Structures are given as structure tokens and as C-alpha cells.
Amino acid sequence: MAEHLTVGRVAELAGVSVRTLHHYDGIGLVRASARTAAGYRAYSPDDVERLREVLGYRRLGFGLREIADLVDDPATDTGARLHRLRGLLLEQRDRASAAVAAIDTELRGRAMGIRTTSEDQLKMFGARLYETIGADYPATRRTEPRIAARVWEALGDARTVLNVGAGTGSYEPPDREVTAVEPSAVMRAQRPRGAARCVAATAESLPFEDQSFDAAMAFSTVHHWDDPIAGLREMRRVARRVVVFTYDAGPPGWRDRFWLTRDYLPEFAGLLDDWPSLADLTRAVGGRAEPVLVPWDCADGFFEAHWRRPEAYLEEEVRRAVSVWTRVGAEAEARAVDRLREDLGSGRWAERNRDLVALDAAELGLRLIVA
Ligand SMILES: C[S@@+](CC[C@H](N)C(=O)[O-])C[C@H]1O[C@@H](n2cnc3c(N)ncnc32)[C@H](O)[C@@H]1O
């Protein structure tokens, strides 16, 4: 018992509340394996080692469920896990330093009466969005088998496949040799055990030789790239076949296609301002675009997935796994959710969208580019 620490002492040293430690114990995340004579929880050195890891991942913004998977991963030992945690913490430190530097520059500019452009304000977060929101991703984002089948069919007889902007790997074909590319450390850390090898890189600069893969695929990621056209050209360079699941942001009619953006979230339009047209995206790889309908019970919780299940958008968990909600800002999000809640309660949503109930799948602008 000599090496054990009481719950109060652990809380004091680690800077967390006793209540938090009790909660972790209660859900089996970090158990205190002993009790003092007075009946208080006591932590052994092994318990503390585990707690230290859990708190590290908490600081990085991971959810408790993801943390449990990370610390219970039988494929890694404590040393390997500490290296991973160290890498993630260093990245977070670098990002914080970059953000502080950007704020300092803005403050200096303001003192001289110079206003920072909207673009520069956002660059502070830029492509690192997934470092912030990525931990909430796996809660509702998973393979939709009917859409996966379309992607895998489009890959043809490709044996080697590069998955760009791979995230947690939801659409990686299980029967081919896959290499993943994913810039976000938070997303890479959440790839399941046994997932394909994953390289830390961006689409715009793929670290591979020309024509080194049979096919390159990108699913629901192109709209996050700094330069979508450059990224698509890179895919074309490294692979003989290219398959891209993306969104047609162009006129005519995108505004009216989806009730959520039409009636509740007009701010979505602002996200599309710099977005290349489907024709430009298709031209960059030299292919054709096919519509992909969204099934009414779509298993992958992307933005449009719940078009016939509007109550889902009231759930925080559903929204947090979709970047649109973070990108439009908290005010627009709160207003959209409040209005939707009201309209669901009053029957106004049902009245306006009564035609949807009869549909099994909807055309909401999703496209598969195949080249
Ligand atoms: C909506 S997630 C899609 C993940 C995965 N393809 C899926 O369908 O589950 C978008 C992913 O694109 C990644 N991403 C952002 N910028 C990127 C870039 N420049 N190059 C490659 N991937 C990028 C993000 O880190 C994130 O993992």
C-alpha cells in the first residue's frame, strides 16, 4: 500500500476533481485498484500510469469512449502509446503557438487601425479544423454500405488503392492493398486496429511517385483541402484511376435541394463561395460525375444523411461530427436548431416537407467523380 496514492492526493497532483476520478472509476476507464483502511479509493503505480495517459488524451480533446479504445489498444505497449501521445501534444503546442502568433499580428495591426481580412482570421484554424472537431467524428460517422459499394465498384480491378483524406478509414475497401493519407493526427489516432498503413500528408503534396497506385480515392474530403484542384491533380499523377465522392455546389438549384440549408441554415452558402464547380473538379481529373442518392436511413452521419429524419439534427452528437456546423459558427447553428425544433413541434416542418416521407432516397447534390 506504501506506493499507493489516495484519491484526494491524485486529484490534487493531477489538477482534476475527485468527482472526475470517481466518474472514471465508475465507467471502468481508470479504476483505483485498492482502498485505504478508511475505505477511500487508492491508486497503484499502474493505475496512475493509465490515468496519466487518459488525462493526456483528455487535454487533446478526445472523448472518453475514444480514449478507452486508445489506452486499451492491445497492439501497442505503454512506450509506443506514450510516443503517440507525445507527438499529439507537440502538435497541439505548435498549433497553439501558431494561433498566438496570428493573434499577436492581428493585435498589432488593430493598434495601427488595420483590419485583418476574414481569410486571414480563418487561416488561423485552416486545414487544422479536424484537430479540433475530429475527436467527435466516430460517434456518428461510419461506412454506409450502399454508397461504399458504389465507390468500390468504381475502383474497378485496382489492387493497390490510395485513400486521400482517409480519416478513420470508413470507405477503405477491405479486399485491396490500401495506403491511407491523412493530415490530422487526431483522425489518424482514431483509425481502428488493423486499418491500412496511414501516411501524414496532404492531398496537395502526395509523397508518392508518379503512377504508383492502381487507383486513388477521396471520400467526403475535397471540400476541406486548401487547393482542391491541386489535390485532384496530385491524385491523377500518382494513380491510373481516380474516384472522388464529393458535392455539387453549383447552380442551378443547389439552394433549394435540401430543406436544412434552404429553410434553416442559409449561412451554408458562405461556405461554398470559393468552392470550385463540379465541372472544374471533374476536369482536374479528366472524368465524369454520377449522382449518388442518399438513402433515407443512411448509416454514415454526414451533413445530408438525416434528410428524412429531421429530429437527428437536434442532437449535439450528430452535429458535432459534421464540420459544416462548426464552420457556420455557434450563432447560426443555435438559430437553425431552435427554428427546426419549433417547426418540428408545430408541424410546420412536416407540412412543408410532406413529399419527402414517400421517398426512399434523395438527390441532394452528392456526386461520384470517376476518371
Ligand atoms: C469529412 S472527413 C472524411 C474522412 C473519410 N474520408 C471518411 O469518409 O470518413 C474529411 C477529412 O479530410 C482531411 N483533410 C483536411 N484537409 C486535407 C488535405 N489538405 N488533404 C487531405 N486530407 C485533408 C481531414 O483531416 C478529415 O480527416
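Mentor: A residue is called buried if 20 or more other C-beta atoms, placed from the backbone, lie within 10 Å of its own, exposed if 12 or fewer, and partly exposed in between. This is a predicted model, in which local features need pLDDT of at least 70, side-chain atom pairs count only at pLDDT 80 or more, and totals for chains, interfaces and linings use all residues. Residues are numbered from 1 along each chain as its sequence is written.

Trainee: Which residues of helix α4 are called buried?

Mentor: In α4 (residues 64–71), E66, I67 and V71 are buried. Helices are DSSP runs of H or I, at least four residues, numbered from the N terminus.

Trainee: Why are the buried residues of α4 said to line one face of the helix?

Mentor: The arc is taken from the directions from the helix axis to the C-beta atoms. Seen down the axis of α4, the buried residues fall within an arc of 125°, so they line one face.

Trainee: What makes V243 a contact partner of V151?

Mentor: Contact requires C-beta atoms, placed from the backbone, within 7 Å. Leaving aside neighbours within four places in sequence, V243 is in contact with V151, A154, L155, A215, M217, L368 and V370.

Trainee: Which residues touch the most other members of the largest nonpolar core?

Mentor: A nonpolar core is a set of buried Ala, Val, Leu, Ile, Met, Phe, Trp, Tyr and Cys residues joined through C-beta atoms within 7 Å. Among the 85 residues of the largest such core, V151, A216, M235, V243 and V244 touch the most other members. This core draws at least three residues from each of domain 1 (5–71) and domain 3 (137–370), with bounds from an automatic or database domain assignment.

Technical notes:
Helices (H or I, at least four residues) and strands (E, at least two) are DSSP runs, numbered from the N terminus. Two residues are in contact if their C-beta atoms, placed from the backbone, lie within 7 Å.
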